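Me: I'm new to this one, could you walk me through how its charged side chains pair up?
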Amino acid sequence: MIEARHLRVLRAVAVTGSFSAAGRELGCTQPAVSQQMKALEASVGTPLLVRGGRAMRLTQAGEALVRHAAGILAGLTAAEEEVAAIAGLRAGRVRLVSFPSGSSTLVPTALAALRAAHPGTRVSLEEAEPPRSVELLREGDCDIALAFRYARVPGGAPAAEEWDDLVVRPLLTDRLVALVPERHRLAGAPAVAIGDLAAEPWIAGCPRCRGQLVQVCESAGFTPRIDFATDDYPAVVGLVGAGLGVAVLPQLAIDSVRPRGARAVTLEPAVRREIVALTLPDLAQVPAVAATLEQLGQAAARQ
C-alpha cells in the first residue's frame, strides 16, 4: 500500500537531492524523511534510491514512481479541494423529486433561496407522486423526495406508507377544500359538508387523491359519481369552472393555479394531508441536502 505522504517525501527528495534538504522543504527532520523513505521502499518491495555520500540518485523503480507521483498527488489535491468545496457548500448536487403542487409552490421559493445562499449548489427537479417518489428515494435515484400522506378517515383503511427507515422533515399540513362552479348553489357558502355534494358529478385528481376522495365520501354515506379523472390540477379547475362537476383539491393545489370560473369553499369536517420532505439517514448528513431541506422548511413556513 503506497501512502500519499510517502509519495510527497519521495518527490521532495528527488527534487532537492538529499534527505536534509527534503526535510527543510517539507518542514520535518532529516531522520523523519529517512524513516518515511524506508517505509515506502518496504511497501513497494524494491529500492528507490541509491545512496552515495551526500548525493543520492533514483533507481529505475524510483524514477517510475516519481513520474506517476506527480499525477497521483495532483489528483488527490483536486479531490481534496472538491470535497472541501462540497462540504463548505461551494459546490454540490441535490436530486429533488416533488409532486406537482409542491413543485409549483414550495420548490421555487426554496430553490431560489438556496441559490442565493449557495450559488455553487446545483439542484435537479423531477416530478412524481408518492409512493413512486418515495420508491425513487429508496432506489437511490434521488436525494430528497417531497411526499404527502392523508390523515386516516374514520372507519377507513390505515395509511399504507411506512417511513420509519427515512429521515422525515415535516413541512406543513395541507387542508382539502371543495371546488365548485362560481354559479353553483353553494359557491357563496362559508363551508360545505362533503355530503352536501353527494348528488353532484365529480372530477377526481391523481390516483392517490382519487382513492382518498372515495374514502371520504363513503365515510359520509355515499359513493361519488366520477365523470372525469385527471392528474392535471389546472385541468380539474377548468372542468369545474366550465360547470362540468365539483372537486376536492388540496389548498396547495389551489394556490398553484388560478381557479377561473370556480370557487373554493371550506370543507367541513376538515380533511388534511401531511406534506413532508424525505431523505435517507446518510444523505441527511450531506451539507447540500441538509441546506435544501432547511430551505424547503422555510418555504413551507411562509405558506
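Me: What does R95 form a salt bridge with?
Reply: R95 pairs with D143, and their closest N and O atoms are 3.0 Å apart, where a salt bridge is a side-chain nitrogen of Lys or Arg within 4 Å of a carboxyl oxygen of Asp or Glu. The two come from distant parts of the chain, 48 residues apart, with R95 in strand 3 and D143 in the loop between helix 6 and strand 5. Helices (H or I, at least four residues) and strands (E, at least two) are DSSP runs, numbered from the N terminus.
Me: Is D143 buried or exposed?
Reply: D143 is buried, at 6% relative accessible area, while R95 is partly exposed at 22%; buried means under 20%, exposed over 50% and partly exposed in between, with a 1.4 Å probe and protein chains only.
Me: What should I know about the model itself?
Reply: It is a predicted model, in which local features need pLDDT of at least 70 and side-chain atom pairs count only at pLDDT 80 or more, whereas totals for chains, interfaces and linings use all residues. Residues are numbered from 1 along each chain as its sequence is written, and side-chain values use heavy atoms, leaving out hydrogens and water.
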